[in-house]
Amino acid sequence: MVPAQRRQQILQAVRAGTAHVAELARVFDVSEMTVRRDLRALARDGKLERVHGGAVDTVPERPFEEIALKGQAVKNRIGAAAAALVADGQTVMIDIGTTTLQVARHLRGRDVTVVTTSLAVYDELRNDPDVELVLSGGLVRRNYLSLVGVLAEDSLKQLNVDIAFIGTSGVAEDLSVWDTTMVEVPIKRAMIAAAAEVVLLADAEKFSMPGAVRICGADSLHHIVTDADIPATRRAAIEDAGIEVTIA
């Protein structure tokens with residue numbers, strides 16, 4: 001990876017908050033000295049602010065409520081199609097995000113158990129007597145209504161579920177799944193490890209969007225729910241991995 005590409009991905013990695021030098025070095029497989037040099041260059045360009053041990057984004061992360069307003073009709077269709085994959089009596093994990101929130105809305109009144117790290121999902125289902133609701137512990141990420149950190153990761157590792165619904169920031173040509181928020185990636189990986197079936201929720205735009213940190217490869221996915229035909233450049237990877245696709 002050339003320095004300009006790495007710096008762009010490092011910038012994406014810090015958009016959700018503080019990113020530490022050691023974490024960035026591990027993710028991008030470079031030395032801490034290289035990371036510090038990249039952070040200084042990005043700071044000179046006014047793209048981030050250097051702090052002790054790392055950096056913070058100079059542009060605040062958009063609030064959850066604002067992101068939820070974009071593409072509501074598409075997210076609703078994807079959520080309904082995803083919820084239809086759940087059988088009564090099953091236990092499911094629901095990832096954070098505005099699209100995964102729609103799955104929860106379409107599970108209201110169902111005889112299911114929902115495990116989540118999303119406070120938005122919790123709020124959606126907390127008054128539903130039919131849904132058994134399990135909320136992980138963890139550090140509250142207030143802006144995005146999520147629970148993160150070692151407590152959240154450890155609690156998810158104690159569970160086995162039927163289905164995990166996972167969101168993403170972008171899907172690469174090899175169908176690897178990526179995210180721009182570094183602190184959420186261990187949570188997503190823990191959900192994937194705990195599930196018998198992994199369902200990726202990704203609207204058509206996500207197949208042309210980048211990410212900063214790799215969540216998993218195509219071999220971890222069983223099903224994709226989207227709103228349009230999968231790009232031709234991804235179809236070979238889908239066939240090779242034997243992934244089912246539902247177009248909402």
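Two strands pair if DSSP finds at least two bridges between them. Keep that in mind for the sheet. One caveat before we start: this is a predicted model.

Take strand S12, residues 195-201, and strand S14, residues 223-226. Three bridges join them, and the two run parallel. So S12 and S14 clear the cut-off of at least two bridges and count as paired.

Now the whole sheet. Seven strands make it up, and the sheet is open. The order is S6-S5-S4-S9-S12-S14-S15, with parallel pairing. Which strands stand at the edges? Strand S6, 132-135, and strand S15, 244-247. Each has a single partner strand, so one side of each has no neighbour in the sheet. From one strand to the next, the twist averages 20°.

On to the helices. H9 lies across strand S4 (91-94), strand S9 (161-166) and S12. Against S12, H9 runs at about 135°.

H9 also packs with a helix. Helix H8 covers residues 150-157, and helix H9 covers residues 185-194. Their angle is about 5°, and their axes are 9 Å apart. That makes H8 roughly parallel to H9. From H8, the contact uses Ala152, Glu153 and Leu156. From H9 come Pro186, Ile187, Ala190, Met191 and Ala194. By class, that contact has seven nonpolar, no polar and one charged residues.

Next pair: helix H2, residues 21-28, and helix H3, residues 32-44. They pack at about 110°, axes 9 Å apart. H2 and H3 are therefore roughly perpendicular to each other. Val21, Ala22, Leu24 and Ala25 in H2 meet Glu32, Val35, Arg36 and Leu39 in H3. The class count here is six nonpolar, no polar and two charged residues.

Last topic: charges. Side chains of opposite charge can pair when their charged atoms come close. How many salt bridges does the structure hold? It holds 10.

Start with Glu184 and Arg141. Their side chains meet in a salt bridge at 2.6 Å, N to O. The pair links distant parts of the chain, 43 residues apart. Glu184 sits in the loop between strand S11 (177-179) and H9, while Arg141 is in strand S7, residues 139-141. Buried or exposed? Both are buried.

Lys206 and Asp203 form another salt bridge, with the closest N and O atoms 3.9 Å apart. Both of these are buried too.

Arg126 and Asp123 also meet, at 2.6 Å, N to O. Arg126 is partly exposed, at 45% relative accessible area. Asp123 is partly exposed, at 45%.

Finally, a network of salt bridges links Arg6, Arg7 and Asp38.

Technical notes
Residues numbered from 1 in each chain as written. Predicted model: local features only at pLDDT ≥ 70, side-chain atom pairs only at ≥ 80, totals over all residues. Heavy atoms only, no water. Axes fitted to C-alpha atoms, helices over the stretch in contact; angles between N-to-C directions. Helix = DSSP H or I, 4+ residues; strand = E, 2+ residues; numbered from the N terminus. Parallel < 35°, antiparallel > 145°, perpendicular 65-115°, else oblique. Contact = heavy atoms within 4.5 Å. Nonpolar A, V, L, I, M, F, W, Y, C, P; charged D, E, K, R; others polar. Salt bridge = Lys/Arg side-chain N within 4 Å of Asp/Glu carboxyl O. Buried < 20%, exposed > 50% of the residue type's maximum accessible area, 1.4 Å probe, protein only.
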